[in-house]
Amino acid sequence: MKSKAAILRQAPGKWQIEELELSEPGPTDVQIRIEAAGLCHSDDHFTTGDTPAEHYPLIGGHEGAGVVTAVGSDVRSVEVGDHVVTIFIPSCGKCRWCAAGMGNLCDEGARIMAPGGGKDAFNFHTSTGENVGQMALLGTFSQWTVVPEQSVIKISKDIPFTSACLLACGVPTGWGAATSATNVSAGDTVIVMGVGGIGINSVQGARHVGAAHVLAVDPEPLKRDTALTLGATEAFESIEAAAERAQQLTNGQGADSTLVSVGVLTSEMLAPAFGSIRKGGTLVLTSLGRYDEAGIPINLMELALFQKRIQGSLFGAQAPREVVPRLAALYQTGALKIDELVTRTYGLDQVNEAYEDMHGGKVVRAVIDMTH
Ligand SMILES: NC(=O)c1ccc[n+]([C@@H]2O[C@H](COP(=O)([O-])OP(=O)(O)OC[C@H]3O[C@@H](n4cnc5c(N)ncnc54)[C@H](O)[C@@H]3O)[C@@H](O)[C@H]2O)c1
Ligand SMILES: [Zn+2]
Ligand SMILES: [Zn+2]
């Protein structure tokens, strides 16, 4: 079948819309009609070259929601007509990590950067027969896609697709940075540095589990204003200003946790973030930077003698199959806001414009609505 998709041919580069040929699903694959796709900053890292792709052309997009339109003969967990979200780390359910409840670290994750997802044949081809890769085995910037069963989670049919798609990455990744990568406790003082599509959900998560003070940091006014309506108690333009306020609020101690979710992480951003946490506090890093960025310019005495912790966080340090249904339930009760995160929807053809709006600070999350 044919599918229109946004592909990247080189980095640095822009998304280009092309009509591609899509193969039938294999025995363990699921074919999805994508209804909505969120524009996570991680896809943008491929256009800048911060994250190099193993294969070009590459279909972008990993934050997707849609309807199952065909399943392979061995697929058991979903059927035609189900609504699903895509997850960027497959969960096999069998490896050591999945068995230990850490599906975000599933061994199958090694496939997501491999050309063709590590399989012999690619699912997508151009009209001239070129192999086309899929971001994180998914490629949700496409009208249709074929993905492994391990990469989809069934969701309730009453969640609108333009909100459901954010359950695929932005919502759980941000939420879990606060609730799982570090255990924010009742009464805590928390700084969230970068309150875009990911960080805004760290704000929601931290507040939900009882943080007394949630200090949002972002240079963009729209992000600060949105954070203040979704749980931040105060908002600042710089980490230095937030760190100073955290000290005032804690009798000079500092934040219990600082969660970093800026768009492009550079090593020099880390020293003030590290300095903002108290002794025994935790610095959570969700952001990605350039793949070859190395070194953390922090004081090593401060690390050891103040017993500080630096914690990486992938998918909010949670198992996707466990957390996505729980967050969907919270959304349905109104305790977790998702509709409010979607500042604007765009057609697939507008994907570059939507990313420009993300860079320009005009959207908390831009979402492609395939019905446009
Ligand atoms: N670890 C994971 O599992 C995971 C998953 C998804 C995304 N990510 C990464 O998380 C990061 C955030 O993604 P996003 O989609 O929310 O991006 P985004 O562009 O929507 O948000 C980033 C925000 O950071 C703000 N910002 C930039 N510089 C800042 C600074 N110095 N101080 C404070 N705020 C600053 C921007 O104004 C923006 O609001 C990206 O690097 C992305 O690749 C990681
Ligand atoms: Zn993402
Ligand atoms: Zn696994």
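Metal donors are taken here as N, O and S atoms within 2.8 Å of the metal (3.2 Å for Na, K and Ca), and water is not among the atoms, so sites may look incomplete. In this predicted model, the zinc ion (ligand 2) is coordinated at 2.0 to 2.3 Å by Cys40 (SG), His62 (NE2) and Cys169 (SG). Along the chain, these donors follow the spacing C-x21-H-x106-C. Cys40 sits in the loop between strand 3 (29-38) and helix 1 (41-48), and His62 in the loop between strand 4 (58-59) and strand 5 (63-71), so the pair ties together parts that are 22 residues apart in sequence. Helices (H or I, at least four residues) and strands (E, at least two) are DSSP runs, numbered from the N terminus. Cys40 is buried, with a relative accessible area of 2%, and for His62, also buried, the value is 2% (buried means under 20% relative accessible area, with a 1.4 Å probe and protein chains only).

The largest cavity holds about 240 Å³ of space, a volume being the space filled by probe spheres set on the points. Its lining comprises 24 residues, with Ile112, Ala114, Gly117, Gln134 and Leu137 nearest the centre. Strand 9 gives the most to this lining, with three residues.

Residues are numbered from 1 along each chain as its sequence is written, and chains are lettered from A and ligands numbered from 1 in the order in which they are written. Local features need pLDDT of at least 70, side-chain atom pairs count only at pLDDT 80 or more, and totals for chains, interfaces and linings use all residues, while side-chain values use heavy atoms, with hydrogens and water left out.

Terms used
1 Å grid on protein atoms, 1.4 Å probe; cavity = no way out; pocket = protein on both sides within 12 Å on 5 of 7 lines; lining within 4 Å. Buried < 20%, exposed > 50% of the residue type's maximum accessible area, 1.4 Å probe, protein only.
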